[in-house]
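My notes follow the display.

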Amino acid sequence: MSRGIKNICFFLFLAALPCLADSYIESRLSKDMEDHRLDNYSKIQAAFILSGATHPDSLSYYLKWYNTLVKTLKDYNFDPFDRINSAGNVFGYLHSNWLITYQEKATTLINVVKQKQFNCVAGTILYNLICEDMGWATEAFETPTHTYTIFTDFSRRLMVENTSGMGFNIMENLKEYSQYLLQFYPEDRRYQIGLDKIYAYENTQGRQINNTELLGLLAYNRAYFAMQVKDYRSAFNFVTLAQQFNRDSRSNYNFEIDLYHKWGKKLFDEQNYEQSFEVFQIALSRHPEVKEFVQNSRACFFNALATNWTQKNWQSTTQLVPAMLALQIMNDSDLTNLQRMLANWGDYFYRTQMKFECRQTAALWAAVDPNNPQLQRFQAAIETLP
């Protein structure tokens, strides 16, 4: 290789390093969350990574900003015996200095640092994590449209609406807060629920979540923005990451379903049937109530098997069939069709004297119908192969 080509390769490698670092940090966070808890990262580190600070330099910058903010608040020496007023003062400080402009799309902590813009997710995460570092335990309440703070160890239940500077201890004026919530609902939904019942409806549809689960909403929101530009693959990956943090996100129920539909259909239209089946398999396992996922899974499955037969891709078939059987969604016609396809494979392997593959075929067939006379004849024939 000439020196010029070597230099080009070296510079290309240097150019790729930032992307590699970004991918590495995000993948390490995902690995850490495989058991659905943070072991190697703090919550604030995870919050900034999920916000998009996936390069070591940027992550270090934002962590320094956060630590400086916490130190500033601790230096006020709030009364340790008056935690409610102290928490209220921290809330007021944040809304006077950082949580300045409510913006629905300002969903990350980076939006707070750079533009002083925020939405309910960014505001709740920042406030909750700061309060934790101040020694006040917090959780959140997630509803289909909104998220707010709950203090769990104060002398009385205290809730905080983070999208408004007037939102500390919202239970003191519940009627006014119910009116405030109306802005998060389309007009037709407001009247369906009843203007005087919005708060009660929110709480019956939501659930209390801890701050690790709360962080998952950042990944969900990044998935949302990826989907806006039709980057379904990235959106799907962000949702998968989000689910490691928050396995039952009430505010992303409809979004998840829509994403699975669109990403699965795109893969199907591209004739990538196996990957499309994997998407709908996941969709069905999370949302068995969505009947379209049953139909889509079956269509992808049989198209994938037909493609595998044409390409003689037996390895893929051995993975698809058990996955489909585990879903338990095939009707009698589907099972008959599957047995016919397996019989074709069995005949092919028998004629080519591939004994191991014959036995694999028989095992899959037996999982469908162990008493099938054709299968039993095939099993006996296998034993005559050398």
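Which residues of the largest nonpolar core touch the most other members? I found that Phe48, Leu126, Tyr127, Ile130, Phe151 and Phe301 do, in a core of 111 residues. I took a nonpolar core as a set of buried Ala, Val, Leu, Ile, Met, Phe, Trp, Tyr and Cys residues joined through side-chain atoms within 4.5 Å. Buried means under 20% relative accessible area, with a 1.4 Å probe and protein chains only. Helix 6 (residues 120-134) gives the most to this core, namely 10 residues; helices are DSSP runs of H or I, at least four residues, numbered from the N terminus. Apart from this core I noted another, of five residues, including Phe141, Tyr148, Ile150 and Ile170.

The model is predicted: local features need pLDDT of at least 70 and side-chain atom pairs pLDDT 80 or more, while totals for chains, interfaces and linings use all residues. Residues are numbered from 1 along each chain as its sequence is written, and side-chain values use heavy atoms, without hydrogens and water.

I next looked up Phe48. Beyond its neighbours within four places in sequence, Phe48 is in contact (heavy atoms within 4.5 Å) with residues including Leu63, Tyr66 and Leu109.

Ile44 lies in helix 2 (residues 43-51). Ile44 counts as buried because its relative accessibility is 11%. Not counting residues up to four places away in sequence, Ile44 touches Leu63, Tyr66, Leu109 and Leu129. Ile44 and Leu63 are 19 residues apart in sequence and 7.6 Å apart in space, C-alpha to C-alpha.

Finally, I checked for disulfides, pairs of cysteine sulfur atoms within 2.5 Å, and the count is zero. Cys120 is buried at 11% relative accessible area, and Cys358 is buried at 0%.

Definitions and conventions:
Buried means under 20% relative accessible area, exposed over 50%, partly exposed in between (1.4 Å probe, protein chains only). Helices (H or I, at least four residues) and strands (E, at least two) are DSSP runs, numbered from the N terminus.
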